[in-house]
Amino acid sequence: MPATFTPKNVEIERKHTGIGGKPPVDRRPTGGGGDGDNWDNRPSGRRGPRELLSRYRLGVLFALAGDLMFFVALVSAFFVRQSAGHFDARENYVSDWHPIAVPPILWVNTAILLLSSLTMEIARRQLFREIDVMEEWLGLGRPAVKRAAPWMVVTVVLGVLFVIGQWIAWGQLTQQGFHFNSPDPSSHFFYLITGTHGLHLVLGIVALAAALGALFTLKRVELRQIVVDCTAWYWHTMGIFWIFLFVLLAYFQ
Amino acid sequence: MRKLFTTDHRSLGVLYLLLSLAAVATGTLLSLLMRVHRIWPDTPLPLLGLMKPEDYLALVTMHGTLMVFFVLTVAPQNGFASLVLPGQIGARHMAFPRLNAISFWLMALAFTILISAFALPSGAPLSGWASYPPLSAIASAGPGQGTGMDLWLLSIGIFCVAAWLGAVNLLATILGERGAGMTWSRLPLTVWAWLTTSILTLLVFSVLLAAAVLLFSDRHFGSSFFVPLNDVVNGHVVGRGDGSPLLWLHLFWFFGHPEVYIAILPGMGLATSLFANFTRRRVAGYKVMAAMLVAIGGLGLLVWGHHMFVSGMNPYAGTAFALTTMAIAVPSTVEVIGWLSTLWGGGLRLTTPMLFALGFLSFFIAGGLTGPILAQPALDTYLHNTFFVVAHFHLIMAMAGVFSVFAGIYYWFPLMTGRMMNDLLGKLHFWISLIAAYGTFLPMHISGLAGEPRHYERLAGPVVSFSEILPNERGITWSAILLGAAQLLFLWNLFASAKRGERATENPWQATTLEWAPEIPRRRIERGPYEYENGGTESMFRPQWESASKQE
């Protein structure tokens, strides 16, 4: 009977590094480079200080690639629907597509979202300053957390402002008579695209809030880096998606 | 309970396989009901009574959805990959074990939601597994098109998210968790197949999710993405804008065609491994075989239009799609030649898994041959939506896919239970299934050539009559019943062997790939995946977990 189905757990989970483990920075603090440092020889899972981080980054990258295809499908439906039309009884080509002018508040929202990406990046970089990481790893304090947390709070606030701004834009459109169920396909697409993107941002805000909480509760330095790093990449990607979607809605009606 | 809410990849693999077992049992029952109804449309069935036309359409829809999503996607991709992928690449676990569990539970939820459509008083959805609008977009279009169709959309939406999470996990595992020395050219071909199908899953299931969102919005929020202007359903004008069902077809088949490759590529990888193992030979042209798997996946993204030749799509687009479709014959043929040259004069060990792998090859060729016929727009104009198409995809996707899943279950059963499956029962299961499957699906070509359309509930009606092919259809039904009955042998073998089967020895198939290693190897991998030495009775082989310097 092969050992691959032994019920006992072969994984030895190390709860926290503490003194003597490897600090989560690329370079080791004291020299190193000897044979014991040949991480390639070690079993996967402990092959390097940033293996866990790169594993999660890889996962986020692939997940976002799938998400990109979701928006690509919506955008291609946008163009197909835009070019659809029919011939009436007098052989005139009629299209039911009436371009809508995007509410001006979208410009403000876009600026807010770009700003929030900036603050998120500042927060993310705090977690990777080598001197702070070493200090946290040695247990001398939590300078990285202290520096990053305010920037993340700012990001959450800006993110909430963006979502509120989108809500206001919806209200303005409704007042102009563009409801979701008005017969105009361009308004369907406006609500669908901003709606699905907004849903992604709400998820992002929840993730940010969770990451903020995790900064103070997680014991391992690597895990604190991972939650902030992955949330940041998600947030940046949603910002980039929004720029493309906004250009689409504003200029390609 | 601890076994149920596990994050261990092997237990999850078994759970995935059990889920698809439940789905395949339901789907097979539905197909038997369909077959019985086709030849005795006016005979009341026990428990169900007289079947109405819409009941027949509901059976078609649910059979297709269950088989394509919950059997041919879940078992080869999620089930087998969870079971052996980490072992095969020398990893201890998946990259994200919890994500794997979440993916399984979402799939189980989607399955429950789909099945619950049968319990609705208005019945299950009718619009086929491809759910073409406007039928699928209008609640008044049929009895099951109200709540039933909503449940279908909900179920498929959840399934999309689950498949997407599963693919993220597989990709991160293959790219990030390989053991030391497990280079690209040392990966078993199953891993190459899972790599390709995971990329396809990421790219296409999100598109299906987007299409489902648009369709849901058409049904409930008054938009008009898919419903044409002045469309009349049941005497009422329902079309509000210039929507187009073609848009759905494009979005759906952009998903639907790669989905076929998601179902079959793992089987191709597994068959290659089994052919090498049971002929005791190296895989002929390993690098070419791996490259062709990826090429089939890549080309598979460019051929969706061949489902739409008669849909009113631009005929020039049809020509382009015909060219890309026929181009797929090239890598497929290379694969087949690779398999045949591995098998040729190879002193086959005809164990049950090997028999099923050979059955896979047989169906792959038999079903593949009608592919280039259907890829011609001119021929497809006649054959479209006839039983010829049904015969084609049941041979190449359903039978080839299911036989490769059977091969995998017989082959990896010792890893799941520590026991072997009964060989005699297995062989009996194989031979009856093989003959009955050909008996079921080969005559369908004839029905199709006679012009019998796919979704008609009865052969002889007031308008058209296909009563001359009734004898042919009778033969198909009896053969299908035999095919279903043969699976009882398999079920019995499965559960009896799990309890009282013969104990498996260490590495019972004398395999070289890492999932059979006695323990997770701690040293560098230094060998290729298929180092068998010249075939015949000699059992010289060098497993991947042995060091390269060790000489005998």
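User: How much of the contact in chain A between residues at least 6 apart in sequence joins residues at least 24 apart?

Analyst: The share is 80%, where two residues are in contact if their C-beta atoms, placed from the backbone, lie within 7 Å. In chain B, residues 24 or more positions apart account for 81% of the contacts with a separation of 6 or more. This is a predicted model, in which local features need pLDDT of at least 70 and side-chain atom pairs count only at pLDDT 80 or more, while totals for chains, interfaces and linings use all residues. Residues are numbered from 1 along each chain as its sequence is written; chains are lettered from A and ligands numbered from 1 in the order in which they are written.

User: What pLDDT does chain B average?

Analyst: The average is 92, and 98% of the residues of chain B score at least 70; pLDDT is the predictor's confidence in each residue, from 0 to 100. For the complex, the predictor gives an ipTM of 0.91 and a pTM of 0.92.

User: How do you know that the radius of gyration of chain B agrees with a compact globule?

Analyst: The rule is 2.2 Å times the number of residues to the power 0.38, with the radius taken over C-alpha atoms. For 552 residues a compact globule would come near 24 Å, and chain B has 23 Å, therefore the two agree. Along the principal axes, the C-alpha atoms of chain B fill a box of roughly 80 × 50 × 45 Å.

User: Why is B:S479 called buried?

Analyst: A residue is buried if 20 or more other C-beta atoms, placed from the backbone, lie within 10 Å of its own, exposed if 12 or fewer, and partly exposed in between. B:S479 has 20 such neighbours, so it counts as buried. This residue belongs to helix α16 (residues 470-500) of chain B. Beyond four places in sequence, B:S479 touches B:A436, B:G439 and B:T440. Buried residues are 55% of the 552 in chain B and 33% of the 253 in chain A.

User: How do you know that the span of helix α15 of chain B agrees with its 27 residues?

Analyst: The expected span is 1.5 Å times one less than the number of residues. For α15 (residues 423-449) of chain B this gives 39 Å, and the end C-alpha atoms are 39 Å apart, so the values agree. Just after α15(B), B:G451 takes a positive phi of about 100°.

User: How many residues has the largest nonpolar core, and which have the most contacts inside it?

Analyst: The core has 226 residues, and B:A211 and B:A407 have the most contacts inside it. Such a core is a set of buried Ala, Val, Leu, Ile, Met, Phe, Trp, Tyr and Cys residues joined through C-beta atoms within 7 Å. Helix α6 (residues 189-220) of chain B supplies the largest share of this core, 21 residues. Apart from neighbours within four places in sequence, B:A211 is in contact with A:A73, B:W248, B:L251 and B:F252.

User: How many residues does the contact take from chain A and from chain B?

Analyst: The contact takes 39 residues from chain A and 50 residues from chain B. On the side of chain A that touches chain B, α1 (51-82) and α5 (185-217) of chain A are the elements that give two or more residues. Of these, α1(A) gives the most, with 16 residues.

User: What makes the backbone of B:S131 and of B:R280 worth noting?

Analyst: Most residues other than glycine have a negative phi, and most peptide bonds are trans. B:S131, not a glycine, has a positive phi of about 45°, and B:R280, also not a glycine, has one of about 55°. B:S131 is in the loop between α4 and α5 of chain B, and its 24 C-beta neighbours inside 10 Å make it buried. B:R280 lies in the loop between α7 (245-279) and α8 (286-300) of chain B and counts as buried with 22. A cis peptide bond, with omega about 5°, joins B:P133 and B:P134; B:P134 lies in the loop between α4 (97-116) and α5 (147-176) of chain B.

Note on methods: Helix = DSSP H or I, 4+ residues; strand = E, 2+ residues; numbered from the N terminus.
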